[in-house]
Amino acid sequence: MNIRQDGNARRMPAGLVALALGGFGIGLTEFVIAGLLPQVSRGLDVSEATAGWLISGYALSVAIGAILLTAATTRIHRKAVLVGLVALFVLGNLLSAVAPSYAVALLGRVVAALCHGSFFGIGSLVARRMVPPERASQAVAVMFAGLTVANVLGVPFGALVGERWGWRATFWAITGIGVLALAAIAVWVPAWAGAVHEAHRPAGLRPQLRAFRSRQVWLTLAATALGYGGMFGAFSYIAYTFTEVTGFTSADVAWLLVVYGSGLVIGNVAGGRGAGGPTATATAR
């Protein structure tokens, strides 16, 4: 196993920073649209309900892309796959930034979303290989930290940019972040971390589908779908709720999203610790 164990082993590999930057950009493009929905609706001359499909279409594309792209790229070098996925992300956000119509904006959202699930799945494997085995979980946490930061700071910042310079400016900024992430992954992620060895090659799609024979899998999927469906159902129109129901101004949306994002982070930490319970805590020690 090609993992560097020299004196710098305790340092955070630059490749993890590159993956975290990619996760930040993806998290930003997923959530930022909620704070921009009123502006996008007016700018593209569509109803609020129709504009909401920019969120729903993204979510559907994430589900499809996670399955199809991950299965289709199991035999390709993982670093090359990550670069290709971020390139899709850049292309999709560029389409949204220059979209002359609602249809093009929706297409851009769909294209950008294709990389979402596969990036985090494949990126987790690559992140684990860049550090010694005992630090594998920390490496994955660093990569997902980009997603957390996007919730707390990135989304409110994107809403603030959209409020001052228009919603297209936000998508231009996200496109720029994607270009930086693509370059960082290409340069900083070592080739050996993305190598796919025969002994560890993932199984094909058919063996993976056998998991759906389990009743527990279906119950878990149902709980996840209902929980996240309810959360995103409310979050999709959170900007409208703030401005048209509770009486806040559009300029207040940014800091309100900071509060919302902070709640997500606190809930994730508290929920993770609570789920572990005393037994898990004792085992970890």
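User: So a helix here is a DSSP run of H or I, at least four residues long, numbered from the N terminus. Which helix holds L160?

Analyst: L160 sits in helix α7. Keep in mind that this is a predicted model.

User: Is L160 buried, exposed or partly exposed?

Analyst: L160 is partly exposed, with a relative accessible area of 34%. The buried label needs a value under 20%, and the exposed label needs one over 50%. L160 is therefore in between.

User: How far apart are L160 and W255?

Analyst: In sequence, they are 95 residues apart. In space, their C-alpha atoms are 8.8 Å apart.

User: Let's zoom out. How many helices and strands does the chain have?

Analyst: Twelve helices and zero strands. From the N terminus on, the elements run α-α-α-α-α-α-α-α-α-α-α-α.

User: What share of the chain is buried?

Analyst: Buried residues make up 43% of the 285 residues.

User: And what share of the contacts join residues at least 24 apart?

Analyst: Take the contacts between residues at least 6 apart in sequence. Of those, 81% join residues at least 24 apart.

User: On to the core. Which residues touch the most other members of the largest nonpolar core?

Analyst: L19, L28, F119 and I185 do. The core has 61 residues. Helix α1, residues 14–43, gives the largest share, with 13 residues.

User: Why would nonpolar side chains end up together?

Analyst: In soluble globular proteins, nonpolar side chains tend to be buried together.

User: Pick L28. What does L28 touch?

Analyst: Leaving out residues up to four places away in sequence, L28 touches A150, G154, V155, I174 and I177.

User: What kind of pair do F120 and F144 form?

Analyst: A stacked one: 5.0 Å centre to centre, 25° between the planes. The pair links distant parts of the chain. F120 is in helix α6, residues 116–129, and F144 is in helix α7, residues 136–165. They are 24 residues apart.

User: Which residues make up the aromatic cluster?

Analyst: F119, F120 and F144 form one cluster.

User: Why does F120 count as buried?

Analyst: The relative accessible area of F120 is 7%. That is under 20%, so F120 is buried. F144 has 32%, so F144 is partly exposed.

User: What does K79 touch?

Analyst: K79 touches I185, A186, V189, P190, A191 and G194, again not counting residues up to four places away in sequence.

User: Last one. What is the phi of D45?

Analyst: Phi of D45 is near 60°. That is a positive value in a residue other than glycine. Most residues other than glycine have a negative phi.

User: Where does D45 lie?

Analyst: In the loop between α1 and α2 (48–51). D45 has a relative accessible area of 71%. That is over 50%, so D45 counts as exposed.

Key. Residues are numbered from 1 along each chain as its sequence is written. This is a predicted model: local features need pLDDT of at least 70, side-chain atom pairs count only at pLDDT 80 or more; totals for chains, interfaces and linings use all residues. Side-chain values use heavy atoms; hydrogens and water are left out. A nonpolar core is a set of buried Ala, Val, Leu, Ile, Met, Phe, Trp, Tyr and Cys residues joined through side-chain atoms within 4.5 Å. Buried means under 20% relative accessible area, exposed over 50%, partly exposed in between (1.4 Å probe, protein chains only). Helices (H or I, at least four residues) and strands (E, at least two) are DSSP runs, numbered from the N terminus. Contact means heavy atoms within 4.5 Å. Rings of Phe, Tyr and Trp (its six-membered ring) pair if their centres lie within 6.5 Å; planes under 30 degrees apart count as stacked, over 60 as edge-to-face and the rest as tilted.
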